[in-house]
Amino acid sequence: MYGNFELKAEPLILGIESSCDETAAAVIRGGRLLSSVIISSAEEQAKYGGVVPEIASRAHTDAVDDAVLRAVKEAGVTIKDLDAVAVTYGAGLLGALLVGLSFAKSLAYSLNVPLIAVNHIRGHLAAAYLCGEGLKPPYVTLLASGGHTAILHTESYTEFEVLGATCDDAAGEAFDKVARILGLPYPGGPNVQKLAEGGTANIPFPAALVKNSGKMQFSYSGLKTSVMNYCHNCAQRGEQFNPADVAASFQVAALEPLVKKTVECAKKLRADTVTAGGGVAANGYLRARLSEECQKKNLKLILPEKKYCTDNAAMIAAEGLIQYRAKNFASLDINAAAQIPLK
Ligand code: KG4
Ligand code: ZN
């Protein structure tokens, strides 16, 4: 019979992530990360200019056992030592999620250990706990990924309040769109950043912030359109534009409001710590500006390493530990969810 688990103070947790194009597995003991393996199908996806769900599902099927076996081996433990299996159950591509989830269910069942169903976004937030800086709530987080852009107040390990969010597209999505406009290959975000490094932010694109709405709201659709119109208008007039300047100007318009509002929120709430998470938090310009502004305002900034900002399983194991301690275990009949509200 599945159940009756023996709970440990410092459990050995396997994390599995397969929501998009990365098949990842990681092992933590207590809060200490022992291994993190990522097998990416990004190169294959790049041929199609973006993630093809069917290719992602097949790539996960091929890679999931390898990722798990390598993570366990690199952690210096065996499968039988595991005390829990944490896995992303949503949000993401349904077929892709099902590969990781089915694998995790079978493993948890065969070892008779708890299955922990992790919300991918909560995983991104938990990445900050991997920094080894003894992070403890409360703190303010900037979350910026391919699907979400928000500023959150984390009040306890399991509860957060949304202080402000995008009213349309996410920051990561805007980076991917601008990459396509500029003819850059997938994945868009890192390529826009690279191009921007050689440019000057001299084009006045509209900042990704809704003014006078009475609440804190970001907006990326107007900015995306503005970049597109700028490039089209130049082409129509037969004028050359400098793609590096477009990338640099877009980056400033997209990221400055996030930096400004995150710091403002932390000061207003008298929080002394700021964290960031999600793929866009790997952006070099954002990281540098956040650290400058936090330093000016005397705020402690805890930034996960870049490899723990983009999709990985270490963050899923870290969130798994939080849920383990809250005894929030999933039933084996839990299903994958393509969408989960932020809150
Ligand atoms: O968190 P993530 O890996 O996946 C989601 O959960 O969405 O975020 C992916 C997003 C993509 O839109 C990607 O273009 C963006 O993060 N991204 C970046 C950078 N690295 C990844 N955006 C800007 N600069 C980067 N260096
Ligand atoms: Zn993600």
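1. The crossing of H7 and H8 is right-handed, meaning that the near helix is turned clockwise from the far one by less than a right angle. Helices here are DSSP runs of H or I with at least four residues, and strands (E) need at least two, numbered from the N terminus. The model is predicted, and local features need pLDDT of at least 70, while side-chain atom pairs count only at pLDDT 80 or more.

2. H7 covers residues 221-236 and H8 covers residues 243-268; they pack at about 160°, with axes 11 Å apart. That angle makes H7 roughly antiparallel to H8 (the class for angles over 145 degrees). Axes are lines fitted to C-alpha atoms over the stretch in contact, and angles run from 0 to 180 degrees between N-to-C directions.

3. Leu223, Val227, Tyr230 and Cys231 of H7 meet Val246, Phe250, Ala253 and Ala254 of H8, where contact means heavy atoms within 4.5 Å.

4. The zinc ion (ligand 2) is coordinated by His120 (NE2), His124 (NE2) and Asp311 (OD) at 2.0 to 2.1 Å. Donors are N, O and S atoms within 2.8 Å of the metal (3.2 Å for Na, K and Ca), and sites may look incomplete because water is not among the atoms. Their spacing along the chain is H-x3-H-x186-D.

5. His120 lies in helix H4 (residues 120-126) and Asp311 in the loop between strand E11 (300-302) and helix H10 (314-325), so the pair ties together parts 191 residues apart in sequence. His120 is buried at 8% relative accessible area, and Asp311 is buried at 15% (buried means under 20%, with a 1.4 Å probe and protein chains only). Residues are numbered from 1 along each chain as its sequence is written.

Conventions
Chains lettered and ligands numbered in written order. Heavy atoms only, no water. Buried < 20%, exposed > 50% of the residue type's maximum accessible area, 1.4 Å probe, protein only. Parallel < 35°, antiparallel > 145°, perpendicular 65-115°, else oblique.
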